[in-house]
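These entries record what I looked up in one protein model. I began with the division into domains and then turned to the contacts between them.

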Amino acid sequence: MKRWLTLFVAISLTGCAQRGAVRTEEFYGTGEPFAGEAVYFVLTDRFVNGDPGNDQRKQGGAHPTFDRRIPGPNGESDNIGYLGGDFKGIVEHADYIRGMGFTAVWVTPIVDNPDESFTGGKPASWGSFWTDRGKTGYHGYWGVNFYRLDEHLPSPGLDFADFTAAMKARNLKVVLDIVANHGSPAYTMPRDQPKFGKVYDRDGRLLADQQNLPPEKLDPVRNPLHRFYNTKPGVAELSDFNENNPEVLDYLAGAYEQWAGQGAAAFRIDTLGWMPHAFWKKFADRIRARHPGFFMFGENFEYDAAKISPHTWPENGSISVLDFPLKQGMEDVFGKKRVGFERLAAALHLQDGLYANPYELMTFYDNHDMPRLDATDEGFIDANHWLFTARGIPVVYYGSEIGFMRGRAEHAGNRNYFGTEGIAAAMGHPIREKLARIAKLRAATPALQRGLQIDLELRGDRAAFYRVYQRGGVHQVALVLLNKGNAPARFEVRDKLQPGVWRGAFDGRTIEVAEGGALTADVPAHGVDVLLLDAPIVLPALRAVLVEAMGKSRRADAPAVLPPLKKGD
């Protein structure tokens with residue numbers, strides 16, 4: 001992301017429709033290349049087991065790691081062990097992902113994790129949260145060697161570099177999930193376990209070891225093995241990395257430079273809010289020194305936009321964020337509450353300049369750390385229609401294309417195995433069919449990827465807004481009409497409607513709008529219509545709101561010195 005100017009350069013163009021030569025200005029939400037992507041998020045171990053040979057089913061001895069079930073009600077179960085998903089399973093089903101209109105796949109961390117189930121902490125049970133006893137590193141977030149690939153993921157001839165190359169050959173980028181805040185569970189074990197609470201260097205030498213001690217008993221002054229860690233608790237029993245130790249930054253930045261060099265196209269940063277802005281600024285600068293323009297987005301699990309927006313500011317590293325405030329609104333609008341579209345207006349932050357650029361936020365309605373969206377099939381369809389037409393870069397969690405485990409939390413089935421059975425069930429499923437239709441339209445429509453958003457109506461079951469992109473010789477206005485009601489809805493649009501020949505993005509129909517006229521469209525129940533005008537902006541009323549939107553959406557100024565952020569704030 002870049003610091004945006006509120007003044008922009010007028011460019012002279014000729015041959016503009018209806019009015020001859022006019023001066024056209026640039027109107028766009030973002031020029032960020034990654035804004036053109038749509039991301040499918042897979043928890044790698046739970047997607048598809050492509051290679052049973054890397055399952056490590058005998059691993060762990062007395063503390064096994066494979067297929068560790070947690071019983072639930074009515075014969076249901078969760079699982080806190082490995083279940084076999086790997087790189088091969090993703091590559092073999094890349095066409096399935098690409099066929100839904102996605103252009104990138106976010107994979108969970110790939111670094112080496114412990115080889116036993118954890119014996120400390122509180123026992124994981126059905127529906128529990130932050131409970132790790134009996135759990136394994138199947139999810140990848142318990143790194144012990146950040147330079148080494150975990151053995152559950154590769155296959156012969158398919159290491160991480162091969163994996164990213166194979167995905168690129170299938171027109172899919174790889175977004176790599178990374179962790180810098182913590183390592184593995186580090187204390188409360190009855191007896192110290194191999195790898196837990198330890199960090200190894202690129203050559204496999206022990207670099208740090210918490211030695212099964214609680215944080216307050218660490219002695220970083222006298223014991224060099226403790227210097228990687230903070231002396232106060234962090235998340236659960238995880239080893240908490242010392243953000244003020246330059247060796248920590250050097251170690252992590254070096255590791256992630258390695259994986260970026262092997263083909264990661266972007267990073268998703270776990271627990272972004274647990275490390276201070278100064279750390280992330282240095283980290284981002286290190287990565288982008290070798291990979292200019294490298295896109296990163298992070299997780300700060302906060303529903304207050306004022307708390308997550310500073311991550312996006314240039315002085316803090318220009319790191320985009322997962323849009324938790326908008327997610328909260330989407331849950332209300334498309335889940336069981338079924339409140340009106342007006343709930344989403346304020347969460348867009350189109351006019352307040354709070355974020356460096358709201359058009360570069362990652363938008364989503366659920367993920368692996370929260371209950372999945374609890375909605376009907378129609379609710380998922382409506383949510384996807386919004387996600388792929390409104391501002392932001394869409395992210396969809398694996399299985400949402402069939403409403404997989406809807407409403408379920410982490411230890412209640414949220415992360416259950418999808419497999420080829422899930423893929424088979426998705427074929428012809430109404431959620432997947434409608435998702436693919438709208439995702440493919442976004443992929444072909446610059447205005448939906450990067451255009452300014454001008455809201456016309458967000459009320460009840462109806463939404464109408466423009467997305468406008470006029471830049472670099474491309475002139476496109478998309479009129480988006482959404483109906484999440486159970487009956488067809490007629491839209492008659494007059495407000496800021498530019499005259500010209502509009503065409504239906506789905507059906508190719510044409511509608512000629514005279515100056516001062518209206519555009520009428522009937523949208524089916526739980527449907528979407530998008531109409532496109534490929535022409536420069538000439539209508540004064542529309543131009544005026546676009547000029548205002550260009551000036552107000554992006555953060556223009558920031559304090560030169562920010563108050564320090566304490567870890568955990």
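How many residues of domain 1 are in contact with residues of domain 2? I found 30 residues of domain 1 in contact with 30 residues of domain 2. I note at the outset that this is a predicted model.

**Entry 1. Domains.** I took the bounds from the domain assignment of the protein chain, which gives domain 1 as 40-446 and domain 2 as 452-553. I then looked up the separation of their C-alpha centres, and the value is 36 Å.

**Entry 2. Annotated span.** I consulted the UniProt record next. Its unreviewed entry carries the annotation "domain: Glycosyl hydrolase family 13 catalytic" over residues 41-442. For residues 41-442 I noted 24% helix and 14% strand. The end C-alpha atoms of this span lie 18 Å apart.

**Entry 3. Buried area.** I looked up the area that domain 1 and domain 2 bury between them, which is about 2,500 Å². Carbon and sulfur atoms account for 59% of it.

Entry 4. How many salt bridges are counted between domain 1 and domain 2? I found one salt bridge between the two domains. I also located a salt bridge between the side chains of Asp461 and Arg338, at 4.0 Å from N to O. For polar contacts between domain 1 and domain 2, I recorded twelve residue pairs, both residues being at pLDDT 80 or more.

**Entry 5. The domain 1 side.** Next I asked which helices supply at least two residues each to the side of domain 1 that touches domain 2. I listed helix H7 (324-334), helix H8 (377-387) and helix H10 (430-443). H8 gives the most to this side, with five residues.

**Entry 6. Salt bridges in the model.** I then looked up the salt-bridge count, which comes to 45. I also examined the pair Arg286 and Asp250, whose side chains meet in a salt bridge at 3.0 Å, N to O. Where in the chain do Arg286 and Asp250 lie? I placed Arg286 in helix H5 (residues 277-290) and Asp250 in helix H4 (residues 246-261). The pair links distant parts of the chain, 36 residues apart.

How values were computed: Residues are numbered from 1 along each chain as its sequence is written. This is a predicted model: local features need pLDDT of at least 70, side-chain atom pairs count only at pLDDT 80 or more; totals for chains, interfaces and linings use all residues. Side-chain values use heavy atoms; hydrogens and water are left out. Domain bounds come from an automatic or database domain assignment. Contact means heavy atoms within 4.5 Å. Buried area is the accessible area (1.4 Å probe) that two parts lose on being put together, summed over both. A polar contact is a pair of N or O atoms within 3.5 Å; within protein, one must be able to donate a hydrogen and the other to accept it, and residues adjacent in sequence count only if both atoms are side-chain atoms. Helices (H or I, at least four residues) and strands (E, at least two) are DSSP runs, numbered from the N terminus. UniProt positions are given in the numbering used here, feature names are shortened, and annotations may be inferred rather than shown by experiment.
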